[in-house]
Amino acid sequence: GQKQINVQGLAEMSRQPVSPNHFPGRNAQTEQAAGMTNVSRGHNASAAVADLQRLIAIGPSREDWQTELEAETARRSGTPHVVAVASANVALHCVLAACNLKAEDEVIIPAYLPPSIPEVIRQFNAHPILVDINAESAHVDVDQVADAVTDRTRAVVAVDIAGLPVDTQQLAHLCRRHHLLLINDALTQSPGIGTRGIHDAEVRIYHCGSEETNLLSAGALICTADDGLVARLRQEIAPLDDLTGESQRWDAKRSLHYADRMTELAAVWQLAAFGKARDAWRRRCQIALSYTAAFSCRREFQVPHERSNANHTWLNYPLRLNLQHLGVTRDDFSSELRRRGVSVTVPCLPVNLMPHYQKRYGVAAETYPVARNEFLRRVCLPIDARMSDSDIDRVVDTVMNFADELLARRTMAAETR
């Protein structure tokens with residue numbers, strides 16, 4: 001019995017057709033000739049720059065683009081306060097400083113997250129406390145967070161994975177009970193698409209980015225409903241010249257090469273990216289629906305987890321491999337797909353599998369078995385909004401054909417025993 005897949009919400013999001021005019025740089029013949037490697041990554045920088053130039057020409061009369069970006073992000077995300085900063089690391093550093101994190105304090109984090117997060121925590125001489133993840137969602141396990149809370153715990157970091165928003169309701173309740181700050185790192189989700197609103201114990205960080213190019217896309221957006229916290233955040237991003245006498249903050253910022261404020265150019269770029277975000281998301285929903293319909297009926301695969309009360313933004317499509325039915329490792333499977341022209345990727349390496357962090361934190365691969373096992377069975381299929389229907393069919397056919405070949409190989413081997 002295969003697990004029943006609920007795709008109703010996904011289907012509703014994908015009903016509206018997406019106009020190709022929203023992706024003017026697309027050239028179907030060129031992309032087909034270049035293969036799926038190019039289709040899976042945005043590569044039309046010239047079109048992106050043209051969009052940027054148009055926005056600058058018709059932009060607001062005032063010169064403060066960061067203020068314009070913060071106001072637009074607040075409107076889209078449904079949060080009262082937004083602060084634009086130079087990067088996601090800057091955002092996390094400012095939030096931790098604003099909540100007065102001190103040496104020997106603890107911040108609970110999942111083992112499955114970008115490795116820069118524990119490094120920012122260590123800048124305060126504080127301790128990142130790793131916990132395992134939930135197998136279905138790959139989000140931090142709430143029960144393990146509850147077990148890890150001590151008198152020195154000051155915050156919890158929860159990271160959205162592959163575009164699936166963290167269900168912060170339970171976490172926010174836990175954090176309120178223990179007077180902790182909940183930091184939701186939403187990665188590159190576009191504000192207002194995955195989730196709207198914010199819990200009173202929560203800060204959400206959005207990474208600024210675009211499907212078309214990484215050019216000029218540096219920056220991050222901090223969202224909060226806490227009036228006192230936003231005032232302290234504004235203080236944190238004050239020019240370094242204003243920090244005279246505060247040597248600890250100066251040294252921390254200088255050691256990380258922080259320029260706290262988002263640049264005007266990056267703010268303009270992010271405003272331009274907002275204009276295409278919803279249409280790009282709808283197209284990714286259509287692609288995800290096609291993948292889910294194709295792969296959910298095969299015992300070799302498990303399709304991505306979804307939540308009924310939040311929109312999956314499909315930053316990638318993490319297909320979970322049932323390796324016992326395929327008879328190969330994840331790396332062998334992904335290498336063969338790439339050889340056949342499908343540019344699959346693998347998720348970021350969990351902290352407990354990185355030799356540097358194994359030595360630093362005294363952990364082993366087996367310390368967080370769910371994070372290890374999920375990493376070793378996941379591949380991310382291309383899900384770029386500019387993919388054509390024929391591109392999608394080619395990905396599905398390539399994956400299915402290879403799975404069929406592996407099944408035939410295993411059947412033949414069993415018959416010869």
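Where is the place of Ala 162? Ala 162 is in the loop between strand 4 (153–159) and helix 9 (168–178). Helices (H or I, at least four residues) and strands (E, at least two) are DSSP runs, numbered from the N terminus.

Before going on, two sentences on the source. This is a predicted model, in which local features need pLDDT of at least 70 and side-chain atom pairs count only at pLDDT 80 or more, while totals for chains, interfaces and linings use all residues. Residues are numbered from 1 along each chain as its sequence is written, and side-chain values use heavy atoms, with hydrogens and water left out.

Ala 162 is not a glycine, yet its phi is positive, at about 65°. Most residues other than glycine have a negative phi. Ala 162 is buried, with a relative accessible area of 10%. Buried means under 20% relative accessible area, exposed means over 50%, and partly exposed is in between, with a 1.4 Å probe and protein chains only.

His 179 also has a positive phi, of about 60°, and is not a glycine. Is His 179 buried or exposed? His 179 is exposed, with a relative accessible area of 73%. Its loop runs between helix 9 and strand 5 (181–185).

Now the whole chain. It has 17 helices and ten strands. Of its 417 residues, 52% are buried. The chain exposes about 18,900 Å², and carbon and sulfur atoms supply 50% of that; accessible areas come from the Shrake-Rupley method with a 1.4 Å probe, and for residues only the protein chains shown count as cover. Among contacts with a separation of 6 or more, 72% are between residues 24 or more positions apart. Contact means heavy atoms within 4.5 Å.

Next, the sheets. In what order do the seven strands of the open sheet come? The order is 1-7-6-5-4-2-3, and the pairing is mixed. Two strands pair if DSSP finds at least two bridges between them. Strand 1 (81–85) and strand 3 are the edge strands, each pairing on one side only. On average, neighbouring strands in this sheet are turned by 20° against each other, direction ignored.

At one end of that order, strand 2 (residues 106–110) and strand 3 (residues 127–131) are parallel and share five bridges. Glu 106 stands opposite His 127 in strand 3. Between these two strands the chain passes through helix 7 (residues 116–122), and this β-α-β crossover is right-handed. Right-handed means that, with the strands pointing away from the viewer, the path from the first strand over the helix to the second runs clockwise.

Strand 6 (residues 202–207) and strand 7 (residues 220–224) run antiparallel, joined by five bridges. Tyr 206 has Leu 221 in strand 7 as its bridge partner. Helix 10 (residues 227–236) packs on this sheet and touches strand 1, strand 6 and strand 7. The direction of helix 10 makes about 20° with that of strand 1; axes are lines fitted to C-alpha atoms, for helices over the stretch in contact, and angles run from 0 to 180 degrees between N-to-C directions.

The other sheet to show is open, with three strands in the order 8-9-10 and antiparallel pairing. Its edge strands are strand 8 (301–302) and strand 10 (378–381). Strand 8 and strand 9 are joined by two bridges, and Gln 302 is partnered with Arg 320.

Why is strand 9 largely enclosed by the rest of the structure? Because five of its five residues are buried. Tyr 317, Leu 319 and Leu 321 are on one side, with Pro 318 and Arg 320 on the other. Helix 16 (residues 369–377) lies across strand 8, strand 9 and strand 10, at about 45° to strand 10.

Last, the cores. A nonpolar core is a set of buried Ala, Val, Leu, Ile, Met, Phe, Trp, Tyr and Cys residues joined through side-chain atoms within 4.5 Å. The largest one has 51 residues, and Leu 96 and Ile 183 touch the most other members. Helix 6 (residues 88–98) supplies the largest share, nine residues. Apart from this core lies another of 33 residues, including Trp 281 and Phe 333.
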